[in-house]
Amino acid sequence: MTVAPTSARRAPVRVRHRRDASRLSKGQLAELRQAVSRAQKIGDDRGYQYWAGVHGLPLPRYCQHTSPLFLPWHRAYLYFFEKALQDQVPGVTVPWWDWTSRHGQGLPPAYGRAKTPNGKPNPLASSPIQPAGRREASEKRTWRRRRGSPAPFPLPSVDRVRETLANRDYFTFQNQLESIHNGIHVWVGGTMGDPWTAAYDPVFWAHHCMVDRLWYLWQLDNPGARLPEAYLDLALPPFEMTVRETLEVTALGYDYAAGTAAVPGPSRG
Amino acid sequence: MVDRFRSKPLELPDPEQPFARADLAFYDVDHSQGSFEVRVFLGARRGLRRDAGTEDAAYAGSFFVFGHERCHGEEGHCDVPTDRDPFDFRLPHHLEPGLQLLTVTDAVRRLVEAGKRKAPVDALVLGPEGEALKALEFSHLRLLTYA
């Protein structure tokens with residue numbers, strides 16, 4: 001897909017595609033791991049720790065939950081985090097974890113396996129937590145409910161999500177989607193189960209990408225439906241973005257694709 | 001804070017007035033405790049089992065709270081202001097209680113078709129490991145039906 005040029009002097013630009021985390025090619029997954037791994041090694045405000053900390057600890061806590069701004073704030077958050085990853089590996093995008101399918105496997109293997117196929121630690125399986133981001137001094141890395149321990153409830157069904165997408169009113173849709181989203185945080189457990197620390201877990205981003213994708217699908221089904229006018233010019237701190245600026249994903253340079261494949265064309269001589 | 005709740009019987013829709021959708025709205029739900037699931041049952045008998053779940057005939061659905069758990073600021077940081085200046089344009093305090101909307105159309109329809117005119121709402125509160133958690137607090141609940 002292309003979108004109109006951002007300036008009259010520039011050519012139309014191609015948007016980037018966010019993809020299903022379980023359907024990434026080897027190359028796409030390797031690039032994502034490389035971007036996250038590089039970001040995890042940066043200690044300043046370009047790095048993973050900084051972006052994870054924006055959500056909760058260290059204070060101030062910026063995340064918006066049980067709030068009219070839940071979806072716009074997290075869309076802005078993903079956008080800026082993705083930009084930070086693209087600074088490390090150009091073109092990389094955050095994938096989504098489709099928690100309505102493949103319930104037997106639980107987390108997408110890209111995020112669930114402790115090691116990469118070549119035996120290195122998987123940067124998508126866990127992350128260090130900066131000292132100021134820890135709930136307890138001993139909580140140096142992210143952790144999840146132990147693999148194999150019974151989940152307290154099943155992951156959401158396709159029907160539950162369809163029912164939520166069928167809402168025509170923005171706030172009702174957002175309210176029910178947020179509740180489903182809350183359940184995923186509890187389901188993963190550990191660091192993810194607490195808003196203070198959730199964003200340190202790499203799967204947080206794939207989870208929120210799915211939430212953002214569902215909002216996008218709802219927007220496609222409900223053209224023009226959005227938050228009331230009074231909310232549109234609100235800022236979404238700490239991001240330099242308003243609610244209005246989050247409403248169209250292609251204007252933010254991305255789109256959602258079930259899959260992508262490309263072949264080279266004839267070279268322009 | 002409670003780990004289970006049983007309401008007084010709620011009036012169900014008149015069988016002569018068809019509805020397309022029914023929601024249970026829980027108002028002013030506290031989210032200052034840990035994260036939890038609330039399993040909601042409609043028309044259950046008294047003495048609902050603590051571990052009742054989706055297989056129970058009265059199960060209507062679940063909602064989830066992403067709880068704040070504890071305050072990492074200093075004293076007063078997580079106190080929700082009780083009085084707000086009309087010129088205070090800051091966003092609401094992060095612990096303002098919230099609304100939880102649960103669609104329960106099938107459960108209400110089953111009861112109405114079975115001739116029930118009233119039904120209590122039961123709520124079981126479960127923590128991340130499925131344990132009983134005293135974390136539920138809300139001001140009131142309402143059954144909303146839409147034609």
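Reader: Which residues have the most contacts inside the largest nonpolar core?

Author: Start with the general idea. In soluble globular proteins, nonpolar side chains tend to be buried together. Now the case here, in a predicted model. The largest nonpolar core has 89 residues. A206(A), L42(B) and V125(B) have the most contacts inside it. Helix α7 (residues 203-221) of chain A gives the largest share of this core, 10 residues.

Reader: With which residues is V125(B) in contact, leaving aside its neighbours within four places in sequence?

Author: The list includes D3(B), R4(B), F36(B) and V38(B). A132(B), L133(B), A135(B) and L136(B) are also on it.

Reader: Now chain A. How many helices and strands are there in chain A?

Author: Chain A has 8 helices and 6 strands. Read the order from the N terminus: β-β-β-α-α-α-α-α-α-α-α-β-β-β.

Reader: What radius of gyration would a compact globule of 269 residues have, and what does chain A have?

Author: The globule would be near 18 Å. Chain A has 18 Å, so the two agree. Along its principal axes, the C-alpha trace of chain A spans about 55 × 50 × 35 Å.

Reader: What percentage of the residues of chain A count as buried?

Author: The figure is 41% of the 269 residues. Take the contacts in chain A with a separation of 6 or more: residues 24 or more positions apart account for 69% of them.

Reader: How many residues of chain A are in contact with chain B?

Author: 22 residues of chain A are in contact with 24 residues of chain B. Helix α6 (residues 170-188) of chain A supplies the largest share of the chain A side, 8 residues. That side divides into 7 nonpolar, 12 polar and 3 charged residues.

Reader: On to the open sheet in chain B. In what order do its 3 strands run, and is the pairing parallel or antiparallel?

Author: First the general idea. Strands of a sheet pair through backbone hydrogen bonds, either parallel or antiparallel. Here the order is β6-β3-β9 in chain B, and the pairing is antiparallel. The edge strands are β6 (98-103) and β9 (140-146) of chain B, each pairing on one side only. Neighbouring strands of this sheet are turned by 20 degrees against each other on average, direction ignored.

Reader: Over how many bridges do β3 and β9 of chain B pair?

Author: Strand β3 (residues 21-29) of chain B pairs with β9(B) over 7 bridges, in the antiparallel sense. Take Y27(B): its bridge partner in β9(B) is H140(B).

Reader: Last, the backbone. Which peptide bonds in chain A are cis?

Author: Keep the general rule in mind. Most residues other than glycine have a negative phi, and most peptide bonds are trans. Here, the bond from L57(A) to P58(A) is cis, with omega near 0 degrees. A cis peptide bond also joins L59(A) and P60(A), with omega about 5 degrees. P58(A) is found in the loop between α2 (48-55) and α3 (70-88) of chain A. P60(A) lies in the loop between α2 and α3 of chain A.

Reader: What is phi of T66(A), and is T66(A) buried or exposed?

Author: Phi of T66(A) is near 50 degrees, a positive value in a residue other than glycine. The loop between α2 and α3 of chain A holds T66(A). The burial cut-off is 20 or more other C-beta atoms within 10 Å. T66(A) has 22, so T66(A) is buried.

Reader: And where is R102(A) placed?

Author: R102(A) is in the loop between α3 and α4 (109-112) of chain A. R102(A) has a positive phi of about 50 degrees, although it is not a glycine. R102(A) counts as partly exposed because it has 15 C-beta neighbours inside 10 Å.

Note on methods:
Residues numbered from 1 in each chain as written. Chains lettered and ligands numbered in written order. Predicted model: local features only at pLDDT ≥ 70, side-chain atom pairs only at ≥ 80, totals over all residues. Contact = placed C-beta atoms within 7 Å. Helix = DSSP H or I, 4+ residues; strand = E, 2+ residues; numbered from the N terminus. Nonpolar A, V, L, I, M, F, W, Y, C, P; charged D, E, K, R; others polar. Rg over C-alpha atoms; globule rule 2.2 N^0.38 Å. Buried ≥ 20, exposed ≤ 12 C-beta atoms within 10 Å, placed from the backbone. Pairing = 2+ DSSP bridges. Axes fitted to C-alpha atoms, helices over the stretch in contact; angles between N-to-C directions. Core = buried A, V, L, I, M, F, W, Y, C linked by C-beta atoms within 7 Å.
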